[in-house]
Amino acid sequence: MSIPEPLRQRVDDVLWVELGRIADERSSHPAATTDAIDALEHIGLLEPADAEMWRGRFAEATTPPDPMELTAEVRERLHTYLTTVMAEESRDVGAAVLSDMNEFRLLDPAEVSAWYKLLPPAEDRNVRLVQLERTVIGPAGRRRGARIVTVDLFDHGVAVRMHWARPGRDDTDRFPPLPDELEPGARPVSPLDRLRLQDDVGTVYRVLGGGGSGGGGPLNWDAPATYVRVDVFAPHVPEAARQLVVRIGESTFEIAL
Amino acid sequence: MSRDPVVYSLAEQYAAGASDHPISEQSRRNASRTLAVLEAIGVTDAETAAEWRARIERLGSDPGERALLSAGQRALARRYLATRGPQGKLGARRALMAVGALTWSDLTERREPHTLVVDRVVAAPRHAPSAIIVSSAVLYERAIGLHWYLGQESWRAMTPRLPSLVDDLGTSYLHVGGPALRAERYPWPATSVFTPAPPSAAAFIEVRWDEQPVVRVRLR
């Protein structure tokens, strides 16, 4: 049996995603996850020996890995790197790096706590969106899957709400465009891409937070999926502003005020 | 393969990136930074790092390997899935779809999101902030989404409750999604989705909280 290289690579990628899910969730349903291996072997996309190897990896992934034993040299390099991060990067980046180092078991919890104390101070994000002054409806069109639904103008900030959607593959093997899509066929943006806000008077908006929910399954390009998301920015939109510009990935939306 | 904690942790991050769907710039940057650091401090080698970089890049596009599968393999995949119980079905279905052996149209239990197609968006009139502040509604083809903000009162109560909807025709709406409650600040955005979509003859919906009217939103 000869499996074409792109397909072999895809099978490999898919199984690494499945393994990552087990490692993340420490799955209590091993049958549900090894079933991916069985299915791929059944249709001839995995050789029996490779299937066995993957079953071994999946079994290992259900238990947490042991902490790493680092040599003095690696410890020294890690210390130098973290010192640079603490001095040169923002608190958010520093925190993400520490989270990574913890996840990779390169630092133990006590070391992570000690490094956390060296992070730059947090920006004051305690802005309260008390008074909703106006809701502006976004443009009716969708670009690369994303549509800005509304912009809520508060006395101390702005909330931008986005809807992202991807149709499922139809019986003719194509993705029919959604009725409001203005760039059919263009590569979609990710619903989790960074959303940027600007206006025509040069206000610098900073992100206060946000959230979202939805989406499809990992690596599943066939099923329809949606994602709704809201991003909150400060400061408030100045009265002199006549236009807001929202960008996500390669999509740009102009919103008249 | 040896039990390499770095590789298992990379797989965890990879699975998280894969669920971005397609992978976001942020996840790509994070993964790239992580690999650079792991390589620089010497806990992974250049070959492993290159392999994972390539794998992460491949998350960004539809690989199009469907064309490489035979009709026989696709038929086999459909039959295989039909024999699985509910517990085993999920992993098999996910993998078979991801390699293109099954398509969305092959599935018998298609669950299309209620909120796939946006029909139009309407703003709510300004109203006195109470437990919730309603800002707008999205009329989907098969549902209605309500955008609202959690007010001070409900934040203090610490018991998340949901708004409800009625319209002038007496339609019964079922809450099917949301809210994304965040209690650390107020008011904080939330979204609720109800089915069905309001009938075209409906003139307004009334949003209620604890059975009390909050605001009426005109639909036409």
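Chain B meets chain A through 92 residues of its own and 111 residues of chain A. This is a predicted model. The predictor scores the complex with an ipTM of 0.81 and a pTM of 0.81.

**The contact between the chains**

- Together, chain B and chain A bury about 8,600 Å². Carbon and sulfur atoms account for 61% of that area.
- Five salt bridges cross the interface of chain B and chain A.
- One of them joins A:Glu18 to B:Arg94. The two side chains come to 2.7 Å, N to O.

**The chain B side**

- Which helix of chain B gives the largest share of the side that touches chain A? Helix α1 of chain B (residues 5-18) does, with twelve residues.
- The chain B side that touches chain A holds 52 nonpolar residues. Another 20 are polar, and 20 are charged.

**Confidence in chain B**

- Chain B has a mean pLDDT of 81. In this chain, 80% of residues reach 70 or more.
- Where in chain B is confidence highest, and where is it lowest? Strand β1 of chain B (residues 118-123) is highest, at a mean of 96. Helix α6 of chain B (residues 152-157) is lowest, at a mean of 54.

Conventions. Residues numbered from 1 in each chain as written. Chains lettered and ligands numbered in written order. Heavy atoms only, no water. pLDDT = per-residue confidence, 0-100. Helix = DSSP H or I, 4+ residues; strand = E, 2+ residues; numbered from the N terminus. Contact = heavy atoms within 4.5 Å. Buried area = accessible area lost by both parts, 1.4 Å probe. Salt bridge = Lys/Arg side-chain N within 4 Å of Asp/Glu carboxyl O. Nonpolar A, V, L, I, M, F, W, Y, C, P; charged D, E, K, R; others polar.
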